[in-house]
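Reader: I am new to this structure. Please take one part and walk me through it closely, then show me how the rest is arranged around it.

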Amino acid sequence: MQSMVLHPAVMKTKSMRVSEGSGFAASSALQTKELSVFYGEHQAVNQVSISFRKQSVTALIGPSGCGKSTFLRALNRMNDDIDQCRAEGEIYYEGIELHSERVNLHEVRKQIGMVFQRPVPFAKSIFKNVASGPMRHGVKKQSELEEIVEDSLKKAALWDEVKDQLNTSALRLSGGQQQRLCIARALAMQPSVLLLDEPASALDPVSTAKIEELITQLKADYTIVIVTHNMQQAARISDETAYFYMGRVVEHGQTGQIFTNPLHEQTAHYINGRIG
Amino acid sequence: MNAKRADQLATVCLYAIVGIIVTLLAGLLGFVFVKGIPQLSWQFITSPPQIFKEGGGVGPQLFNSFYLLVLTLLISVPVAIGAGIYLAEYAKDNWLVRCIRVLIEVLSSLPSIVVGLFGFLFFVLYLGWGFSILSGALALSVFNLPLLVRVVEQSISNVPKQQREAGWALGFSKWETITTVVLPAALPGIVTGVILASGRVFGEAAALIYTAGMSTPAIDFTDWNPLSPVSPLNPFRPAETMAVHIWKINGEGIMPDASAISDGAAALLIISILGFNLASRFIGRLMFKKLSAG
């Protein structure tokens, strides 16, 4: 077993140490072990064990209602805020089990950023949209904030389009720009993992192409998990693909292999459009 | 009768109903304005009323109306925002919350004279504040709160759930999400609602007759120390508002020009309330523009 990498930042107390024997591999940023999610009586995710490699893009595909979005939202514990929703099993982020009571939930979400299906800019200026995360997490100096905002907008390939109107409302931007703003907002938190829940499904083809290009660029610095319904998109931008069906992972492997030579007949059927 | 005829008939009926309502409103407003506006002058708006002579004004009453409104809003808006946030964000759907909602409904349909009598018994007599601006402002708050709470709750509930999730995903706590994301987005709706409610409070008479009283002592508009008994800001002095003044001089006014003064005051009152309505539209739109553009 590899030695453990500790990120004390997500812990409430710095003295916290992770229990040994978690089976955590240093090459993966995020790993689940038999993770199940329930909505009341209904089990949406069924004992999923999967690991996401650092600095790679993993696409989660599968028919609607297969549990992939629920699974994604379990990774930064977004489901905590939904009544009647509970998770069982383990999630390891940098070797730390995220369900532990000693984990600081807000810090988890700072390090595991999320972008949603529809762009959700806040009713604030472009600058404040991007700066609100760092401000919440203790950045006070204006010069520092300006630096973070510029840097994040550049990474999200939006800087050139908005640099002269940072103080105008984010609601003025087009849908595609708004979505890149939301990505910039997530990047401003300096996360190491980005969870993208169908980030381009509400956008036009040109904006979609921009988002896809952005994702392939961001891969160099971030671990990216993306839920998508678009097979071509999954094939274009991901390194690994996991096929979900009825709350389980049917198959997980290199994207090239999954798309050209899937092990399971069901995966082949879905990719060829016979399920879904 | 075929569908086309039925459609025509319905259209005619609906237009007729709207026509009746518009005529009624226009007639009413026209009557008040035609009789009242000739009475309005700077002197009328600023000078104190005369009891036995002609030529009195409604200056103190106008001031009282605005001062009471400001105090009422200072008391009721923070409470309403707190209650609205609770109902929209924290309240679970259980019997206690359903009870609270029913109580708010009941409170909002409480006749204002009942609110006034409650204020009289509790603030004026039991707490011993006498007929005073404070008693009046608290009674008006009771009268105003249910409407405000509902406005705030509605404005907050109208903010899409995705906005909250986006806040949580940035590591905001529930409270931080409410203050930094939800409230700013709900602000235009809240402001519009508060101004509309102000119009209702401004024209209220029955709740004030027994709480703020029907008289205004001699006040000195140069003395702005709230503790001084002749200061207009003193919250423990009685204060007759415009609406109460209209009611009073129509019942017991003995000045020779009582009906002219009442007409003028009525027009002034309606103009002020019209002003609140226009302001609510204007400011609401301005804030929305600012949020979506500035």
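Author: Start with chain B, which is divided into domain 1 (1-39) and domain 2 (42-293). This is a predicted model. The C-alpha centres of domain 1 of chain B and domain 2 of chain B lie 31 Å apart. Each side gives a share to the contact: seven residues come from domain 1 of chain B and seven residues from domain 2 of chain B. On the side of domain 1 of chain B that touches domain 2 of chain B, four residues are nonpolar, two are polar and one is charged.

Now the make-up of the chain. Chain B has 11 helices and zero strands. Read along the sequence, the pattern of chain B is α-α-α-α-α-α-α-α-α-α-α. Taken along the principal axes, the C-alpha atoms of chain B fill a box of roughly 70 × 65 × 40 Å.

Two helix pairs in chain B deserve a close look. Take helix H4 (residues 95-108) of chain B and helix H6 (residues 133-157) of chain B. They pack at an angle of about 130°, and their axes are 7 Å apart. Because of that angle, H4(B) is oblique to H6(B). The crossing of H4(B) past H6(B) is left-handed. Which residues meet here? From H4(B) come Ile104(B), Leu107(B) and Ser108(B), and they meet Pro146(B), Leu147(B) and Val149(B) in H6(B). Five residues in the contact of H4(B) with H6(B) are nonpolar, one is polar and none is charged.

The second pair is helix H7 (residues 161-169) of chain B with helix H8 (residues 174-202) of chain B. Their axes come within 9 Å and cross at roughly 150°. That angle is why H7(B) counts as roughly antiparallel to H8(B). H7(B) passes H8(B) in a right-handed crossing. H7(B) brings Gln163(B), Arg164(B), Gly167(B) and Trp168(B) to the contact. H8(B) answers with Thr177(B), Thr180(B), Val181(B), Val182(B) and Ala185(B). By class, the contact of H7(B) with H8(B) has four nonpolar residues, four polar ones and one charged.

Next, the partner. In all, 25 residues of chain A are in contact with 19 residues of chain B. H2(A) gives the most, with four residues. The chain A side that touches chain B divides into eight nonpolar, eight polar and nine charged residues.

Six strands of chain A form an open sheet in the order E6-E7-E8-E3-E9-E10, and the pairing is mixed. E6 and strand E10 (248-254) of chain A stand at the edges with a single partner strand each, so one side of each has no neighbour in the sheet. From one strand to the next, the twist averages 15°. E6(A) pairs with strand E7 (residues 193-197) of chain A in the parallel sense, over four bridges. Within that pair, Gly113(A) stands opposite Leu194(A) in E7(A). Helix H1 (residues 68-75) of chain A packs on the sheet. H1(A) touches strand E3 (57-61), E6, E7, strand E8 (223-227) and strand E9 (240-245) of chain A. The direction of H1(A) makes about 150° with that of E8(A).

Chain A also has a sheet of four strands. This open sheet runs in the order E2-E1-E4-E5 (chain A), with antiparallel pairing. Its edge strands are strand E2 (42-53) and strand E5 (96-97) of chain A, and each pairs on one side only.

Go through the pairs in order. Eight bridges join strand E1 (residues 28-39) of chain A to E2(A), and the two run antiparallel. Tyr39(A) has His42(A) in E2(A) as its bridge partner. E1(A) and E2(A) form a hairpin with two residues between them. In the turn, Gly40(A) has a positive phi of about 60°. E1(A) is also joined to E4(A), again antiparallel, by eight bridges. There, Lys33(A) has Glu90(A) in E4(A) as its bridge partner. Finally, two bridges join strand E4 (residues 85-93) of chain A to E5(A), and these strands run antiparallel. Tyr92(A) is bridged to Glu97(A) in E5(A).

Methods. Residues numbered from 1 in each chain as written. Chains lettered and ligands numbered in written order. Predicted model: local features only at pLDDT ≥ 70, side-chain atom pairs only at ≥ 80, totals over all residues. Contact = placed C-beta atoms within 7 Å. Nonpolar A, V, L, I, M, F, W, Y, C, P; charged D, E, K, R; others polar. Domains from an automatic or database assignment. Pairing = 2+ DSSP bridges. Axes fitted to C-alpha atoms, helices over the stretch in contact; angles between N-to-C directions. Parallel < 35°, antiparallel > 145°, perpendicular 65-115°, else oblique. Left-handed = near helix turned anticlockwise from the far one by under 90°.
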